[in-house]
Amino acid sequence: MNLKVIEMAEFQKKVLLFICFMVALSNNGFISQSLADEINKCTNSETIIKTSKDNKKSKQESTDLQIVVCRGAKTFVSNITNLNKANIYYTDVSNFEDGELLVKIKDETVITGKKVLIIQSISGDTNDALMELIFTMNIVHSLGAKEIYILITYLGYSRQDRVEKVSDAFSGKIVADLLSQPYINKIFLVKLHSSQIQGFFNIPCININTDEFFIEDIKQKYKVSDIVLVAPDVGAAKSIIKISKIMDNADFCIAMKYRPEAGKNEILAITGNNVKDKICIIVDDMVDSAGTLCNVAEKLREQGAQKVVAYTTHPVFSKKAIGRIKDSVMRELIISDTIDSKDKIASCDKVKIISIADWCMQKVLWHLEPVFKH
């Protein structure tokens with residue numbers, strides 16, 4: 001219910017607000033036209049409150065969201081079915097010979113005074129994707145957008161969320177600072193590598209956790225009694241325990257990983273429930289080199305697992321990843337579309353894509369369109 005209270009005694013304000021609130025509770029969030037007229041008449045106000053008709057009009061106007069899509073998010077946005085395609089605009093990016101980017105937005109007049117959502121995946125050529133997003137943010141602000149929101153389907157540099165030595169760059173925090181511009185209303189991030197990254201941002205930040213989406217898919221395919229959920233390392237333990245509780249306390253185990261140097265790892269042990277004759281389901285936030293996933297799958301099979309499948313949100317897929325997956329004992333790898341990976345997985349039947357685009361967009365719109373709850 002929308003209220004516009006003119007200047008009056010504080011007591012009168014509170015009484016009127018209380019009356020309107022109580023009536024609205026019993027009338028699906030709206031008040032009748034007659035009551036609105038009476039209150040407006042008593043207070044000599046033209047627009048103290050708006051009726052259901054006005055509210056519906058206001059909501060219709062607020063849903064007129066303009067979408068600006070950067071290059072890294074084209075595939076993701078193409079999988080969204082619940083958007084008005086007429087409100088979607090794409091960045092026009094040129095590369096100079098020295099590597100600099102020139103970013104433009106066509107039809108820029110539609111942005112002025114509007115609510116704008118910018119979508120980007122900071123992946124592939126990570127540095128170019130990051131700069132394209134920063135330049136796009138500035139363009140939309142310069143064009144006079146009323147509100148600016150950002151949806152980052154994959155946040156590059158998110159794994160650099162700590163420093164081992166003083167001489168190391170705190171890259172994750174630096175990137176967050178670059179994106180935390182005062183004119184940005186809110187940033188939406190999909191399945192962060194670690195929850196502490198939210199604290200790096202100096203503006204409101206929402207982490208959209210994809211575990212909820214994957215849980216539904218797992219429930220449809222497998223019986224809880226037949227599976228063991230697997231955390232591929234200690235860092236994923238907290239997440240796998242939460243998933244286990246949601247899935248009626250499904251069995252779970254944790255892989256103890258040792259990483260002697262960047263890009264190399266070995267699985268020392270698997271701790272937790274027995275995996276013998278079970279379907280082991282690894283759940284992780286991303287797959288890069290696929291070394292960890294393949295090594296964990298091998299260890300699980302050695303301990304008698306019936307088969308091993310994996311769910312990962314972000315398919316980074318560095319150069320040797322697909323080859324490792326092909327040669328591994330892993331039966332299936334389910335990935336999302338936060339990063340465009342169709343070309344990379346074309347030669348690997350084990351990898352399947354499940355689009356989270358519609359589901360993710362619903363989460364974003366829920367935050368952008370306030371709902372009167374009763």
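How many salt bridges does a search of the whole structure find? The search finds eight.

## Overview

This is a predicted model. The protein has 374 residues, and 47% of them are buried. Its secondary structure comes to 12 helices and 14 strands.

Among contacts with a separation of 6 or more, 62% are between residues 24 or more positions apart.

## Nonpolar cores

In soluble globular proteins, nonpolar side chains tend to be buried together. Here the largest nonpolar core holds 45 residues. Ile67, Phe76, Leu117, Leu151 and Ile281 touch the most other members. Helix α12 gives the most to this core, with six residues.

A second, separate core has 35 residues. Its members include Cys70, Ala176, Ile187 and Leu189.

## Strand β1

Strand β1 spans residues 66-69 and is covered on both faces. Gln66 and Val68 are buried on one side. Ile67 and Val69 are buried on the other. Beyond four places in sequence, Ile67 touches Leu83, Asn87, Ile88, Tyr89, Leu117, Ile119 and Met361.

Two strands pair with β1. Strand β4 (residues 115-121) runs parallel to β1, joined by four bridges. Strand β2 (residues 88-95) also runs parallel to β1, with three bridges. Val68 stands opposite Ile118 in β4 and opposite Tyr89 in β2.

Helix α7 covers residues 211-221. Its buried residues are Asp211, Phe213, Phe214, Ile215, Asp217 and Ile218. Their cover includes β8 (227-231), α8 (237-246), β11 (279-287), β12 (307-315) and α12 (357-368).

Asp211 forms a salt bridge with Lys191, at 3.1 Å from N to O. Asp211 lies in α7 and Lys191 in the loop between β6 (186-190) and β7 (205-208), so the pair ties together parts 20 residues apart in sequence. Both Asp211 and Lys191 are buried.

Side chains of opposite charge can pair when their charged atoms come close. In the bridge between Asp288 and Arg159, the closest N and O atoms are 2.8 Å apart. This pair links distant parts of the chain, 129 residues apart. Asp288 sits in the loop between β11 and α9 (291-302), and Arg159 in the loop between β5 (147-154) and α6 (171-179). Asp288 counts as partly exposed because its relative accessibility is 22%, and Arg159 because its value is 37%.

Lys173 and Asp177 form another bridge, with the closest N and O atoms 2.4 Å apart. These two residues are four apart in helix α6, so about one helical turn separates them. Lys173 is partly exposed at 22% relative accessibility. Asp177 is partly exposed at 33%.

Val234, Met256, Tyr258 and Leu268 form a nonpolar surface patch. Together they have about 370 Å² of accessible area. Met256 lies in strand β9 (residues 251-261). Its relative accessible area is 31%, so Met256 is partly exposed.

Thr271 is in strand β10 (residues 264-272). At 37% relative accessibility, Thr271 is partly exposed. Leaving aside neighbours within four places in sequence, Thr271 contacts Cys253, Ile254 and Met256.

How values were computed:
Residues numbered from 1 in each chain as written. Predicted model: local features only at pLDDT ≥ 70, side-chain atom pairs only at ≥ 80, totals over all residues. Heavy atoms only, no water. Patch = residues over 30% accessible without salt bridge, like charges linked within 9 Å, V, L, I, M, F, W, Y side chains within 5 Å. Areas by Shrake-Rupley, 256 points an atom, 1.4 Å probe, with all protein chains shown as cover. Salt bridge = Lys/Arg side-chain N within 4 Å of Asp/Glu carboxyl O. Buried < 20%, exposed > 50% of the residue type's maximum accessible area, 1.4 Å probe, protein only. Contact = heavy atoms within 4.5 Å. Core = buried A, V, L, I, M, F, W, Y, C linked by side-chain atoms within 4.5 Å. Pairing = 2+ DSSP bridges.
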